[in-house]
Amino acid sequence: MSYAELHALSNFTFLRGASHPEELVETAAALGYDALAITDECTMSGIVRAHTAAKEHGLKLIVGSELRLRSGRKLVALAQDRHGYAALCELITRARRAAEKGSYELTRHAFEDGLPGCLVLWVPDGSYALDVEDHWIRETFRDRLWIAVELLADGRQREKLARLVEEGRRLKLPLVACGDVHMHTRARRIVQDTLTAIRHAVTVDNAGFALYPNGERHLRSLDVLQHVYPQALLEETLHIARRIDFSLDELRYEYPDEIVPSGETPASYLRRLTEEGMRKRWPDGVPRKVVDLVEHELALIADLGYEPYFLTVYDIVAYARSQDILCQGRGSAANSAVCYCLGITEVDPGRMAMLVERFISKERNEPPDIDVDFEHERREEVIQYIYRKYGRERAALAATIITYRPRSALRDVGKALGLSDLQVSRLARSMQWWDGQRIDDSRVLEAGLDPDSPIVKRLLYLVREILGFPRHLSQHVGGFVISNGPLSELVPVENAAMPDRTVIQWEKTDLEDLGLLKVDVLGLGMLTAIRRSFELLHEFDGRELTLATVPAEDPLVYDMICEGDTMGVFQIESRAQMAMLPRLRPRCYYDLVIEVAIIRPGPIQGDMVHPYLRRRNGEEAVDYPSDDVKGVLQRTLGVPIFQEQVMQLAVVAAGFTPGEADRLRRAMAAWKRRGGLGPFEEKLIRGMRERGYEEEFARQIFRQIEGFGEYGFPESHSASFALLVYVSSWLKRHEPAAFTAALLNSQPMGFYSASQLTRDARRHGVEVRTVDVNRSDWDCTLEAGEDGAAVMRLGLRMVKGLSEDSGRLIVERRHADGYRGIQQLVEEVGLDRRELGVLASAGALEVLEGHRHRARWAVAGVEEPTPLLTSMDRYEATPLLRKPTEGQDIVADYQSLGLTLGRHPVQLLRHRLDRYRYLQAERLPGLANGAAIGVAGIVITKQRPGTASGVIFVTLEDETGYVNLVVWAQVAEQYRAALLNSKLMGVQGEVQIEGDVIHVIAKRLVDHSEMLGNLVVTSRDFR
């Protein structure tokens, strides 16, 4: 005896299903089922995960969906073949597109075409009968319709079976056994009850009949099923399963064809564009080496049939460039010579002579990988272009599944268990960004609850159970799927929360698992800043700069990078990167490629960083276990740093086939989500040992793979990022005023606030001028200083509370000689008293009134013009108001601008801090390694990398510079309140000096925030 479960919901039926798709598949296979249907409610979001698991376990997977009509009728549709799957996806799309995000709308009219290619189960409600008005169900589906009999030990099984048998005779419909499965095991019932309460926004105690009466909605054993159902109903499940012949492996992606002009083929058009690009890139003649490389790549593209993919990306990039939107491609295919000729990337293959295996690989059968970064503020223009060109029917963004994390799980489960809003809020707030997924008793105590309380124990158990459960569907940051035919025949499409956006129901990893291609249209703030830098320089002195024309390999730029002086630049501005730069000491472009990739979980967890540094510095010999390994690792001194190298090692050193290496790459990206690296570990280590490699070397490579599983950084991406690292560093070194202005105009972005960026610019000799209603534009701009050099003028955008419309009106209506008074601002610009007040508080009106106090007094006296009196300007005696103190000005600066051009706040407090014998940051280089010291400063960043074993990095700023703290987990826990709440922090610790890198190892933290009074400062916190 066997069985096929035809009605099962996973947790992708959000807040109903209580098991992951993989758990359902694994359990069904273990129980000996012939097949399992995943029938999530009006969605296909979890089906790819079920498909992948079913292939691993050798179980037949049936693709279907539960559909509830507006009338209340419930149907389960099962895709019988590829056409049926397309019809079902189209039905789900129409239902989802007809309603707001997260819901759907279905009526009988949606089934007018009969849902061809699908088998349908009618799931009766309490009446066990089809009403006359619902007889359309029988007429529509005829010989493809069954009555689902779901016997779930509710005390009415015999009655239900008898009535459904009678209904089947009356309607001449066959009956089939189903389980209405919501979980893979009965033990998940408590989770399912909790999810139900969350869905209904009630407590479990008050959920009443919304809860199921028992835990029977799980995958039951064959013995149990035999005792519950008549044999004929069980056999009917197998009959239905045999009628179904569809797998997601049948899905095939077709590229759009309108990108190819009439009369050309994709191959001829790509060749023509590439050759035109070559002539533009090398106007004095194309080197023979480049011609050979391009020919090799075009042949490879043709062999794999990828011309339409490259042309699709080219079309998007060409549109962006036509609109003067800065963009840069990255990825394995993006770093090809063809993409350089097409203008998709500005990375000259000549600068990457050391890169091998950077292109698509026929041997590994990998699809091309091209991500394109656009200016983050203008990416929406590109997205809407794609929608206009291909239509909503053929283009949509990939999805991102939002899952439960500790805070959201604590809030939802706490409310479901009846905790008060105050208790839930305190418990959620006790979880901080650096705690990760761990919820221990100390957090419960911190929230004022007893961890030994039965309800708290239940709460923590449930929270741990649902961590990682899908909560709702969101949109990917930019992964577009574009098809030749209707996209909804490939995967359902639904509305996104943002207007004018639609998303498919699959994630990026789902698309990869099925081998379907996407184009990543991503937003990157640094591109915005670079483009604005170029524009500012052009407006200032007429220079025309582009990514390609910034002078390459400037020694002065590398000198600055080697000093770790990289605040504000791309990718290498974090604490960890700044600490690495003086050690790695990059002196060429490829060094930057390595620098970008080396401070990542893969190399760190694989213990690759220090061996690489020792070999680079000549402190350790560079050796290779074999010539094969040397071919893979020579460019990184025998140490695997890039994702591609790990895959190559699996082939050359462990005997993996190209297909197995590709599966390893996919498993690396998904193992934290669903496991799956175990078999690879055994095969990798066994394969390397059989080929004569030491076991420690093999295990070291596997640790590297695990690190890449969390965040594997490919060499191809690092190469593209390195170009932006260099360009942003060049701008910082040679044009700091323009670069800082551009960064401020592009906020929010990066690690540092406007205050730190401005102070860093002044430290580099840039004159910064304050916001001035008669001189500032909306954006920060460049002005000529006394010596003709560029100085930075803060823009009106820096004034908190001033709208952009008002700011631009101030500039637009300003006369050549400026505004004469505040009343004129009211009459000519139409500013209200509130916006005048924020300008006064920011010091922007001092040119009119002398200082802030007078400006605020003048604002209080402005009057709106009337129809009879269009000008209310009048003379008043100037009040004798005392000028603000320096401290008052600094407080007002931070409140209104987020920065000050006056003295640093800590400088004003130095006499108080001296009582604690805190040293200034500038004195640290003169200390001995291991010296016990005290330091203090404003907290500007806190960071806890996932690879740092609980350590938290904190940066303090005082009037002389920065202090980098290392706070180990034990100290962080002991002084948690000070670490969480300090705006001005005092630290007792020990100096750690390694070369040019100085840290303070914190032993004790003190919160001195009360010294700041009303001064508002905030830190930026990162994982």
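I begin with a term: helices are DSSP runs of H or I with at least four residues, numbered from the N terminus. The model I am reading is a predicted one.

**Entry: a charged patch**

I looked up where positive charge collects on the surface and found Arg407, Arg411, Lys415, Arg426 and Arg429 gathered in a patch. Two helices, α14 (406-416) and α15 (421-430), each supply at least two of its residues, and α14 gives the most, with 3 residues. I then took up Arg411, which lies in helix α14, and noted that this residue counts as partly exposed because its relative accessibility is 34%, a value that falls between the limits of 20% and 50%.

**Entry: salt bridges**

Side chains of opposite charge can pair when their charged atoms come close, and a search of the whole structure for such salt bridges finds 72.

Arg142 is exposed, with a relative accessible area of 56%, whereas Glu139 counts as partly exposed at 38%.

Asp193 forms a salt bridge with Arg189, with 3.5 Å between the closest N and O atoms. Both residues sit in helix α6 (residues 189-200), 4 residues apart, which is about one turn of the helix. Asp193 has 11% relative accessibility and so counts as buried, while Arg189, at 30%, counts as partly exposed.

The side chains of Glu346 and Arg281 also meet in a salt bridge, at 2.9 Å from N to O. This pair links distant parts of the chain, 65 residues apart, with Glu346 in the loop between α12 (337-342) and β9 (371-375) and Arg281 in helix α9 (residues 266-281). I noted Glu346 as buried, at 13% relative accessibility, and Arg281 as partly exposed, with a relative accessible area of 22%.

The network I looked up links Arg73, Asp125, Asp131 and Asp134 by salt bridges.

**Entry: cysteines**

I asked how many disulfides there are, and the count comes to 0. Cys562 counts as buried at 1% relative accessibility, whereas Cys588 is partly exposed at 30%.

**Entry: backbone exceptions**

Most residues other than glycine have a negative phi, and most peptide bonds are trans.

Ala153 has a positive phi, near 55°, and its place is in the loop between β6 (145-149) and α5 (157-171); Ala153 is partly exposed, with a relative accessible area of 41%. Asp324 has a positive phi as well, near 60°, and is found in the loop between α11 (307-322) and β8 (327-330); at 60% relative accessibility, Asp324 counts as exposed.

A cis peptide bond joins Gln747 and Pro748, with omega about 0°, and Pro748 is in the loop between α31 (736-745) and α32 (754-763).

**Entry: one distance**

Last, I looked up Gln970, found in helix α40 (residues 969-974) and exposed, at 67% relative accessibility. From C-alpha to C-alpha, Gln970 and Ser626 are 43 Å apart in space, and they are 344 residues apart in sequence.

Terms used:
Residues numbered from 1 in each chain as written. Predicted model: local features only at pLDDT ≥ 70, side-chain atom pairs only at ≥ 80, totals over all residues. Heavy atoms only, no water. Patch = residues over 30% accessible without salt bridge, like charges linked within 9 Å, V, L, I, M, F, W, Y side chains within 5 Å. Areas by Shrake-Rupley, 256 points an atom, 1.4 Å probe, with all protein chains shown as cover. Salt bridge = Lys/Arg side-chain N within 4 Å of Asp/Glu carboxyl O. Lys, Arg positive; Asp, Glu negative; His and termini not counted. Charge placed at Lys NZ, Arg CZ, Asp CG, Glu CD. Buried < 20%, exposed > 50% of the residue type's maximum accessible area, 1.4 Å probe, protein only. Disulfide = S-S within 2.5 Å.
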